[in-house]
Amino acid sequence: MRIAVCDDNAVFLQFFKSMLANELESRSVKAEIETFTKAESFFYCHGKKPFSAIFLDLDMPEMTGFEVARQLGQNGNCFVIFVTSHQELVYDSFNFRPLNFICKDPDADVMKDRLHMVAGQLTDALKQEKTVVLENREQGRISVKLRDVTYIESNSHSIIYHFANNKDTIAVRDSIGEIEEAYRKFDFIRVHKK
């Protein structure tokens, strides 16, 4: 997991990075965390090797957090978590569909509690980014992201993957029991026998 933290306050940036690293370590999540004081340097690194998530300050001098989020929204999949002392902007942030919003608080314990909750959301969301390779005679080998799978159906000796677009399906030879066991950790549940 690659995570960016972008804030123009270098002292807060190091404090938050340390808090985030401790939280992810307590969850046994391996993460590479990079810090940025300017949006331009973030975009340069993101262009070379994309980040999975960014913790983003809203109040930055050259490019606001909202402008960064707008540009990210056009360029791909990166979860955005806004981090700011401007609580009044929480409703404006919804336009950018952030994963969450963390208010900077002078009480470090309050921020740690909030970060604990957000880190749980982030790790759950990133589980869905897992790519699996499905293979059959007709279509060959196909890579799919689990987040795009709406449901999986068992029919005789075939497993049929149904996708969010409601049009495509991929049938593979497998057993529903093995699929159930393999995908349980990705929040799939078996709702009935078939």
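Reader: In which sense do strand E6 and strand E7 pair, and over how many bridges?
Author: This is a predicted model, in which local features need pLDDT of at least 70 and side-chain atom pairs count only at pLDDT 80 or more, whereas totals for chains, interfaces and linings use all residues. Residues are numbered from 1 along each chain as its sequence is written, and side-chain values use heavy atoms, with hydrogens and water left out. Strands (E, at least two residues) and helices (H or I, at least four) are DSSP runs numbered from the N terminus, and two strands pair if DSSP finds at least two bridges between them. E6 (residues 131-136) and E7 (residues 140-145) form a hairpin with 3 residues between them, and their pairing is antiparallel, over 6 bridges.

Reader: Which residue in E7 is the bridge partner of Asn136?
Author: Asn136 falls within the range of E6, residues 131-136, and E7 covers residues 140-145. The bridge partner of Asn136 in E7 is Gly140.

Reader: Which strands are the edge strands of the open sheet of 5 strands?
Author: The order of this sheet is E2-E1-E3-E4-E5, with parallel pairing. Each edge strand pairs on one side only, and the two are E2 (32-36) and E5 (100-103).

Reader: Is His46 buried or exposed?
Author: His46 lies in helix H2 (residues 39-48), and its contacts (heavy atoms within 4.5 Å) include Phe51, Leu72 and Cys78, not counting residues up to four places away in sequence. With a 1.4 Å probe and protein chains only, buried means under 20% relative accessible area, exposed over 50%, and partly exposed in between. Because its relative accessible area is 12%, His46 is buried.
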